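Reader: I have a model open and would like to go through it with you. Could you start with the terms, and then we talk about the residues?

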Amino acid sequence: MGGDAAGPVPTEQHDFSLWEKRVDALMVISSSKGYFTVDGLRRVLEDMGEEAFETMTYYERWIASVNQNLLEAGVYTPAELGARMSEVAARGETYGEACDG
């Protein structure tokens, strides 16, 4: 971070999980609709601080940035987001549980 030694960079490829693909798609769609720019995405990422880069995965940081930008753009309110998150959590913790409900 900021020029500090971070150790080796892993270069092996991996398959992206479904949620990571969805985060990527959400970022592309949201930015193409004009809700934010790459600069806006980067601004939030840079404001997160070192702890985020130590504890969050790449796509966890991305979704946090996308979410912040969508909130700032007025796409939804924190209350609307909270209500929707409660609805989703009530479905179950796995895709299988969500399909059964």
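Author: Let me begin with accessibility: buried means under 20% relative accessible area, exposed means over 50%, and partly exposed is in between, with a 1.4 Å probe and protein chains only. This is a predicted model, in which local features need pLDDT of at least 70 and side-chain atom pairs count only at pLDDT 80 or more, while totals for chains, interfaces and linings use all residues. Residues are numbered from 1 along each chain as its sequence is written, and side-chain values use heavy atoms, with hydrogens and water left out.

Reader: OK, then is Arg-43 buried, exposed or partly exposed?

Author: Arg-43 is partly exposed, because its relative accessible area is 35%.

Reader: And which side chain does Arg-43 meet in a salt bridge?

Author: The partner is Glu-72, at 2.5 Å from N to O; a salt bridge here is a side-chain nitrogen of Lys or Arg within 4 Å of a carboxyl oxygen of Asp or Glu. This pair links distant parts of the chain, since Arg-43 is in helix H2 and Glu-72 is in helix H4, 29 residues apart. Helices are DSSP runs of H or I with at least four residues, numbered from the N terminus. Glu-72 also counts as partly exposed, because its relative accessibility is 45%.

Reader: Why would side chains like that pair at all?

Author: Side chains of opposite charge can pair when their charged atoms come close.

Reader: How many salt bridges are there in the whole structure?

Author: A search of the whole structure finds 3. Another of them joins Glu-46 to Arg-42, with the closest N and O atoms 2.5 Å apart. These two residues are separated by about one helical turn, because they are 4 residues apart in helix H2, which covers residues 38-47. Both Glu-46 and Arg-42 are exposed. There is also a salt bridge between the side chains of Glu-87 and Arg-84, at 2.9 Å from N to O, and here the separation is about one helical turn because the residues are 3 apart in helix H5. Glu-87 is partly exposed at 46% relative accessible area, and Arg-84 is partly exposed at 43%.

Reader: Back to H2, which residues are buried there?

Author: In H2, the buried residues are Gly-40, Leu-41, Val-44 and Leu-45. Seen down the axis of H2, they fall within an arc of 135 degrees, so they line one face of the helix; the arc is that of the directions from the helix axis to the C-beta atoms. On the other side of H2, the exposed residues are Val-38, Asp-39, Arg-42, Glu-46 and Asp-47.

Reader: What do the buried residues of H2 pack against?

Author: They pack against H1, helix H3 (50-55) and H4, where contact means heavy atoms within 4.5 Å.

Reader: And what comes after H2?

Author: H2 is followed by Gly-49, which has a positive phi, near 90 degrees. In the loop between H2 and H3 lies Met-48, which counts as partly exposed because its relative accessibility is 23%. Leaving out residues up to four places away in sequence, Met-48 touches Arg-61, Ala-64 and Ser-65.

Reader: Changing topic, what volume does the largest pocket have?

Author: The largest pocket has a volume of about 890 Å³. On a 1 Å grid over the protein atoms alone, a pocket is an open set of points where a 1.4 Å probe fits, with protein on both sides within 12 Å along at least five of seven lines, and lining residues have an atom within 4 Å of a point. Grid points are joined across faces, edges and corners, and a volume is the space filled by probe spheres set on the points.

Reader: Which residues lie nearest its centre?

Author: Of the 21 residues that line the largest pocket, Ile-63, Leu-81, Arg-84, Met-85 and Val-88 lie nearest its centre. H5 gives the most to this lining, with 6 residues.

Reader: What about the second largest pocket, which residues line that one?

Author: Its lining consists of Glu-12, Gln-13, His-14, Phe-16, Glu-20, Thr-57, Tyr-58 and Tyr-59, and the volume of this second largest pocket is about 220 Å³.
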